[in-house]
Amino acid sequence: MKSKIFYSFVAGASLLLLTLYGGFLWLSADLPYIPSDLRHLIYAQPTEIYADDGTLVYTLGGQRYVPLNKISPYFQKAVVAAEDGHFWRHHGIDKLAMLRAFYRTVFLGQTQGGSTITQQLAKNLFFTFKKRFLRKFKEMLVAMQLESMFTKEQILEAYCNLIYFGGTAYGVEDAAQQFFDKSASELTLAEAALLAGIINSPQALNPFSHPEAARRRQALVLQRMKRRGFIDEATYAAALTDTLVFSQRPRRSNDFIDHILTLATKRFGEEAVFFGGLKIYTTLDSDLQRLAEEELAVGLARLEAELDSTGMPLQGAIAVISIPTGEVKALVGSRKYLPGGFNRAVSQNRHVGSGIKPFIYYAAFEKMGLNPASVVVDSASMFYTETGKRWMPRNFDRRYHGPMIIKSAFLQSINVIAAQLGYQLTPRVMKETLRRFGIEAPIPEVLPLALGTVGISPLEMAAAYSIFARNGEYLRPVFLKRVEDIGGMVLDRAFIFGEERLQPAISYQVLDMMRGVIEQGTGRSVRLSGFLAPAAGKTGTSTEFTDAWFTGITTSLAASVWVGYDRIYRLYTKTGRGVTGGYGAAPIWANFMKRAMKRYPAREFRMPDGLKRIMVDPRTGWPAVDPAEGMTVVVPDNFWPGLPTDAAPRQWLPPADSLPQLRNQ
Amino acid sequence: MSNPKNLTAYRTWNRKYWMLALALLIALTGLEARTYFVEKALGQYLAWQNPGREKVGRQWQVEQKRLLAGTRLEKISKELRSREKQLASIPNFLELIRRVLQENQLVIPAQHFIRLYHTLPFFLKEHVIAPDSLIALRLQDRLDNVILNREADGVEMVLIDAQSRIENILYLSNELLDVFFKHGQSEVVDVTSDPRFAGRVFRFELFWQNLSQLPKGMQNNFLQAMPDLLTLAGPTAKVAISNKISENLVEVAVAPDNFRAVIYYLPEDWIINFVSTLEYPWMQNEEQDIL
């Protein structure tokens, strides 16, 4: 009997051991190979993205590696205190911590990790972040193996270089650079404690987005350091009150960088961009990007407060291009940046409305010999479209205004006149003209094209309008200036090519009309917003107020702003008023330009030779007798020879025999 | 079991063995707590097994992608290096233009462009870009690359700086390119009957006599510009000046016989200088020499 029980016990114990051994063999069967030097597995040259001024703005795919003696001892102690108090004693797993975590998880419903630094290293090296029961055991086995293969110092060094700190910061060196603009060896106790605290929850404890939570966590880490005897009371108290000086240039992605990555991926492939250690030099102006992001967010919030509630977030986009170089300086594709999110600044899916009119008027001047002083008649007009359907365009105010000069029609954004011009030009010519302006979006060859029934991206709009500021010269928008490989070899570089696409004199006549839009037309809100530098632009409002646009130029920058909902939905204020480009988008443009143009001289646009400025009656096109009622227009030199070009129209009377000719003109 | 003695003995035995087992367990636990022998043993075993394992897991996948990236970038840079090598092997300016006409666009480093520029005859260089302009650009470090684009009416040359900004745009018209390609080339032509040379065909002897009357520097210019002049010299040789002027360059033919000639293009002012050496009325007086 005695021996029966004893042998049962022995048999049971043996069975248990066998089961454990079997489980161990089964789990260890597919464990990963661990190299003899962890550094080679961790270190990778990151792909670096630089702004136009040469500052590093974003890194991806890489991992810096610094030896332990180049990591502040404060950080080494802080990370041990924060993550694994028994690190220097255990052999990969902390059984007490595990039991405590198990108890709290099962009985108290609290989530608490019991992973040691070695286990975390194992997880970060070889496992996914999906929580799986068996993965935990494998992590433990790998941790034991790591402890057998490497010294504690080597493990701590690898951990410090591999761990994630949020954003694009992998490893303590990167984190120190990104958060404090210094190297890991220079971290103070307070900074080290803050960084060590972030590891627990990089998103929720990010000091830029959650400063309070980060400080609380820092205090906890300092307390643990004191409790473990790593620091004394006085040092602890000093560190608690130590002022932290954060980097003024937090490295984070934005829509511009996302677009850069898209372009680079198309050119070099995804692996090369994310793991190739490239150096990508871009045209990004970080300050303008920040201004654009801020002004779009502020402008949309202000507008949204006035809008009828729809339950959908109001969205917007801005594209900013340098006039002299064609370089894209800023790109904001959404109200709040989401990594890899939909970039509205480059998407060609929203109708531009009257924003298209500068192109149509340019074509009319060039092909039909009109100029801003030519008289047209705004009256009820009906057209037969290509499909034989009748089309009767209406003006914004649902009224017809009779005869007027072209500039007046442009300033008031009269749809009927644009439709008449489009009809005479033909859809094919309108499409060809848009192509000359560099618009690559699909363009339907239909008559309503004259009123902007075509989806064009803000980026293309800004690029197209910038041609006017260059008196007809087209520059393809440039994002990537140069791409170098890890050895410094130039793999790609952008060359800026100017191409004369428009006739300078005609281009300037349209530009002058666009100036009028801001001074006295539908874009007056630009001036009312306090932006006073020389500028030209055009509002755009799509049918039923679903999109509000403003695209404008100065001699230094071109910018296009779009505002609307992601779903095609009307923009109406609480008072029932439709939101136009002048009301919704122009103030955002103006507020952005007000701040952006502080860095640039407020220069006048250069008028090409062969043009003159005269004052005419906006209804008859005749020389204005009363300057108060006149409208200044820029016309070719040979238009009404002898007419004074300064503001003295009363002194000029056309010779009697020229009147019939003038009427014809 | 009914025997109390046996029961007591069993209990004693039982307690003893269970106590032993418990003590063993406590001892092992204590030992483990102090020495971590289980983890160490398992760790050693796993480390021993390590060489046979596969490179799987997150960081190995990243490593795999790095290798792929490296391969891809190596391929791209290999292509670029081979292209650079091809460009570097272009021996002269004419070959460069030929390549542009074939490939529509070429980008060459400024150093190489200048080397090729110097392969042009000295009097043709001006027609590409004045040497002093080129020197000024180099001195001010404003020339980094030259982009050559084939256009319908010739070749566009864009000089750009290190920031990829345009410093200058030059055009070589098709007419000028024609001059470049024909200069120094042999052509099947009878200069005595070709209308473009009518009235301006000299016996070589007369041409040489008049050339000798020019200042030494100008003579040298002619000799440098027409290197075949001396090899083609002979009693039947003729020199003919065409009425065709392209880009201020006058076509001059040196013909060893009536079947072929080597064509040169010389600056108009040289020809004017040369013509001024002929005695008036040279056409009548030298009728026997001027064919």
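Modeller: Axes are lines fitted to C-alpha atoms, for helices over the stretch in contact, and angles run from 0 to 180 degrees between N-to-C directions. This is a predicted model, in which local features need pLDDT of at least 70 and side-chain atom pairs count only at pLDDT 80 or more, while totals for chains, interfaces and linings use all residues. Residues are numbered from 1 along each chain as its sequence is written, chains are lettered from A and ligands numbered from 1 in the order in which they are written, and side-chain values use heavy atoms, with hydrogens and water left out.

Biologist: At what angle do the axes of helix H3 and helix H10 of chain A cross?

Modeller: H3(A) spans residues 73–83 and H10(A) spans residues 211–227 (helices, H or I, of at least four residues and strands, E, of at least two are DSSP runs, numbered from the N terminus). Their axes come within 8 Å and cross at roughly 95°. H3(A) is therefore placed against H10(A) as roughly perpendicular (65 to 115 degrees). The crossing angle is roughly 95°.

Biologist: How many charged residues does the contact of H3(A) with H10(A) have?

Modeller: On H3(A) the contact (heavy atoms within 4.5 Å) is made by Tyr74(A), Lys77(A), Ala78(A), Ala81(A), Ala82(A) and Glu83(A). H10(A) contributes Arg217(A), Val221(A), Arg224(A) and Met225(A). By class there are 6 nonpolar and no polar residues (Asp, Glu, Lys and Arg count as charged), and the charged residues number 4.

Biologist: How many of the 11 residues of helix H17 of chain A are buried?

Modeller: H17(A), residues 415–425, is mostly covered. Its buried residues (under 20% relative accessible area, 1.4 Å probe, protein chains only) include Val416(A), Ile417(A), Leu421(A) and Leu425(A). They pack against several elements of chain A, among them helix H15 (357–368), strand E6 (375–378) and helix H18 (427–436). The buried count is 9.

Biologist: Which residue follows H17(A)?

Modeller: H17(A) ends at residue 425. The residue that follows has a positive phi, near 80°, and is Thr426(A).

Biologist: By how much are neighbouring strands turned in the chain B sheet E5-E9-E8-E7-E6?

Modeller: This open sheet of 5 strands has antiparallel pairing. Strands E5 (185–188) and E6 (201–203) of chain B each have a single partner strand, so one side of each is left without a neighbour in the sheet.

Biologist: Which residue in strand E3 of chain B is the bridge partner of Val146(B)?

Modeller: Strand E2 (residues 145–151) of chain B has 5 of its 7 residues buried, so it is largely enclosed by the rest of the structure. It runs antiparallel to strand E1 (residues 105–109), with 5 bridges, and there Val146(B) is the partner of Ile108(B). A hairpin through 2 residues joins E2(B) to E3(B), and these two strands pair in the antiparallel sense over 7 bridges. In E3(B), the partner of Val146(B) is Leu159(B).

Terms used:
Buried means under 20% relative accessible area, exposed over 50%, partly exposed in between (1.4 Å probe, protein chains only). Two strands pair if DSSP finds at least two bridges between them. Angles under 35 degrees count as roughly parallel, over 145 as roughly antiparallel, 65 to 115 as roughly perpendicular and the rest as oblique.
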